[in-house]
Each structure stands twice: as C-alpha cells, then as structure tokens.
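Dear colleague,

I am passing on the structure that follows, and below it I set out what was found. Please read the notes with the model open beside them.

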Amino acid sequence: MHKVLHPKKSLNTVLIKPAGPDCNMACTYCFYLEKKKLYPNSTVHRMSEETLEVMIQQVMSQTGQQVSFDWQGGEPTLMGLSFFQKAVELQQSYGHRQLVSNGLQTNGLLIDRTWARFLGEYNFLVGLSLDGPEHIHNHYRLLSSGADSWSRVMDSGKIMQDSGVAVNAISVISDYSAKFPEEIYAFHKKMGFPYMQFIPCVETDPSDPKKAAPFSVSGENYGQFLCTLFDQWLNDFQNELPTTSIRFFESLLCSYAGMGSPQCTLLKECGVYVVVEHNGDVYSCDFFVEPKWKLGNIMSSRLVDMLNSTKQREFGRLKARLPELCKECRWLRFCRSGCVKDRIRDPKDNNLNHFCQGYKEFFKHADSRLKHLAEKAKR
C-alpha cells in the first residue's frame with residue numbers, strides 16, 4: 001500500500017492574538033470576545049516575552065525568504081508599544097536576510113503619535129476598523145462604556161496618516177451598513193483611505209442556533225451591496241486603471257486571470273496559515289479557535305509541523321466538501337463556496353454559504369467586466 005504524499009505547505013503567514021480576546025471596545029457583532037471561555041482561569045490575557053521570543057525564533061527559522069506577521073485581536077495594542085518594539089527587535093535578531101512584513105489590525109483607540117512614528121518607521125500595514133461615516137460606524141462599534149467610538153477612531157486615523165503609516169479601512173458589512181454602499185465608499189475616499197476591505201457579517205443568534213443573529217447581513221442584501229460597490233469602484237477608473245483598492249474585487253481578478261486568489265475564502269482549500277493565541281496555543285483559523293481545531297502549542301511543537309499536520313490538512317479539506325448545489329454552479333470556480341464558517345451556520349439550507357444568493361447576483365452583474373479586466377491584466 002502506497003503512502004499518500006502531501007505537498008508541504010510553507011510557513012508564509014502567522015496570525016497572532018497577543019492579547020487574546022481582550023478588547024477595549026464592545027462591538028455588538030464581535031465574534032472573538034467569547035473566546036475568553038477557553039481561558040477561564042484568567043481575566044486578562046497577555047502574551048509573555050518568553051512566548052513571543054519562542055514564536056518569532058520558530059517563524060524566522062522555519063520560513064523561507066518572506067513571511068508576514070499579522071497581529072490581531074481582540075485588540076492587539078493592549079499589549080503596549082514596548083511589546084511590538086521587542087517583536088521587531090526579535091525579528092531582526094533571528095532573521096537571516098528575509099523579507100518580513102508586519103500587519104496590525106486595530107480599533108485605533110490607543111494609537112498616539114509615538115505609536116504612529118513606530119508604525120511608520122517599521123512599515124507596519126495597519127488595518128483600521130472603521131465602518132464608515134459616524135452614523136454607520138457608531139451603530140454597532142461602541143466603547144466598553146457604551147459610548148460612541150467614531151471620533152476617537154477618526155483622530156487615530158489622522159495621526160497615522162500624518163505620520164506616513166500605510167492604513168487600510170476595514171469595514172464590517174452588517175444589516176445596517178449594507179444599506180449605504182455609496183456613502184461608505186465615498187466617505188473612505190474623502191477621508192484618504194483608498195485601500196478598503198469589506199467583511200460581510202454573519203453570526204449565530206444566541207437565542208436560536210438555527211438562525212443568523214439580527215445584526216447579520218442577508219445574502220441578498222450583501223449581493224446588492226457588492227453590485228453597487230463594484231460600480232462605484234469601476235466608475236473611478238482612470239485610463240482603465242483603478243484609483244482605489246477593494247480587496248475582494250482584486251482577489252477575484254487574480255482568480256479570473258488564472259493566478260490563484262490571495263484571499264483564503266476564494267481558494268479551493270484553506271488551512272494555509274495558523275493562529276497563535278496569547279499563551280502559545282495554535283489553531284487552524286481565527287474563525288475556528290475552538291478545542292476541536294487546536295493544533296498544539298509552540299512551547300512543545302514546531303509551527304511548520306502544525307501547519308502540515310494531519311489535523312490541519314483535515315481542516316483545509318472542509319472547504320472542498322461542497323454542497324451538491326455548489327457542484328453544479330457556474331460560479332463555483334470563482335467563489336469556491338466562500339468561507340467555511342459561513343456555510344455551517346445555515347444547515348437548513350443544505351450547508352450552502354449564507355451569502356450564496358448574493359454571490360450569484362454579484363457574479364451575474366460583474367462577470368463580463370471582470371473577464372475584461374483580467375484579460376487586460378494578462379497582456
């Protein structure tokens with residue numbers, strides 16, 4: 001009997017939760033705060049310097065010539081600036097002429113000029129959680145006190161812009177914000193955020209696990225949002241080139257051009273990165289930080305081995321187990337049935353992606369123009 005050989009995955013991206021699920025905000029739609037239940041013996045979760053050093057030493061010795069550290073949360077800036085200064089110092093100490101990139105996803109509340117100077121000096125790519133204009137952002141993104149957060153986030157964004165920090169606007173699309181695609185897009189442009197990422201929101205209703213939570217955007221409304229947003233994006237082209245960047249559309253263009261998408265939700269299989277929690281626990285994906293998909297701990301196992309473990313391969317294959325309706329769909333080679341987390345929430349619909357109908361409407365709307373853009377890109 002022949003042993004099945006699996007291509008070895010490279011350790012190119014590590015997503016780190018240095019403050020675990022801790023956050024200084026209380027967004028209504030947050031999916032990560034509940035992860036505190038995994039660590040009931042502590043109320044404050046912080047990565048130790050020892051764990052940080054072991055993680056970085058492992059990454060730098062197990063990766064190739066290029067690696068990305070993505071710092072997320074909760075809210076990663078709760079670690080304090082000195083933690084990230086130490087992280088950069090360790091990357092430099094353990095590196096051997098590698099290209100290292102650092103991404104920081106933050107709500108911006110703790111960012112001041114000292115933070116901004118550091119982020120600019122070391123070329124951090126910052127994803128600022130900003131849902132759009134004041135009435136949209138404050139609808140669900142509230143401080144722990146229940147107060148609005150928009151003005152503080154905007155102040156932090158301006159401080160980073162003034163310091164030359166590369167800042168992307170990351171907007172969650174909820175039942176409310178989905179009504180305002182043109183307003184959100186125009187706002188981000190006006191405020192100097194031409195790089196945009198839009199994340200559709202769907203979580204389980206805690207009162208009925210068979211339903212989506214009230215703040216979730218429906219598939220139909222998300223499809224309408226995407227169609228309008230796509231038209232706005234195209235309308236701003238100059239000399240047939242984009243003047244703004246929307247991650248989802250650019251990732252789709254890679255698929256249309258036959259290059260493979262850089263976005264994991266659009267891949268045939270996932271499991272291409274790992275998540276490191278504050279105590280060194282390693283999980284398959286930040287949407288699946290749960291006991292079933294715990295791969296190990298960096299204090300006792302190697303990251304590259306966990307990335308290539310049987311359990312991580314099993315997780316990656318979940319995406320390829322498609323509902324029957326997906327197998328017959330003309331758009332499958334582009335959407336790949338979306339993110340696995342958005343399928344398992346709707347068993348009543350035969351595990352179709354929650355946003356299935358929206359994707360179909362979007363592809364009907366955008367397909368010919370995406371083909372045209374992909375052909376131009378290949379020339």
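In what follows, rings of Phe, Tyr and Trp (for Trp, its six-membered ring) are taken to pair if their centres lie within 6.5 Å, and a pair counts as stacked when the planes are under 30 degrees apart, as edge-to-face when they are over 60 and as tilted for the rest. By this rule there are 32 aromatic pairs. This is a predicted model, in which local features need pLDDT of at least 70 and side-chain atom pairs count only at pLDDT 80 or more, while totals for chains, interfaces and linings use all residues. Residues are numbered from 1 along each chain as its sequence is written, and side-chain values use heavy atoms, with hydrogens and water left out.

Among the aromatic pairs is that of Tyr222 and Tyr359, which is edge-to-face, at 6.1 Å centre to centre with 80° between the planes. Tyr222 belongs to helix α7 (residues 219-235) and Tyr359 to helix α13 (residues 356-378), so this pair ties together parts that are 137 residues apart in sequence; helices here are DSSP runs of H or I with at least four residues, strands are runs of E with at least two, and both are numbered from the N terminus. Tyr222 and Tyr359 are both buried, where buried means under 20% relative accessible area, exposed over 50% and partly exposed in between (1.4 Å probe, protein chains only).

The rings of Trp331 and Phe363 have centres 5.5 Å apart and planes at 15°, so that pair is stacked. Since Trp331 lies in the loop between α11 (324-327) and α12 (332-335) and Phe363 in helix α13, the pair ties together parts that are 32 residues apart in sequence. Both Trp331 and Phe363 are buried.

Lys17 lies over the face of Tyr32, at 3.9 Å from the ring centre, and the charged end of Lys341 sits over the ring of Phe287, 4.8 Å from its centre; the criterion is NZ of Lys or CZ of Arg within 6 Å of the ring centre and within 35 degrees of the ring normal.

Lys35, in the loop between β1 (13-16) and α1 (49-62), counts as buried at 9% relative accessibility. Setting aside neighbours within four places in sequence, Lys35 is in contact (heavy atoms within 4.5 Å) with Pro21 and Val289.

For the chain as a whole, the secondary structure comes to 13 helices and 12 strands, and 53% of the 379 residues count as buried.
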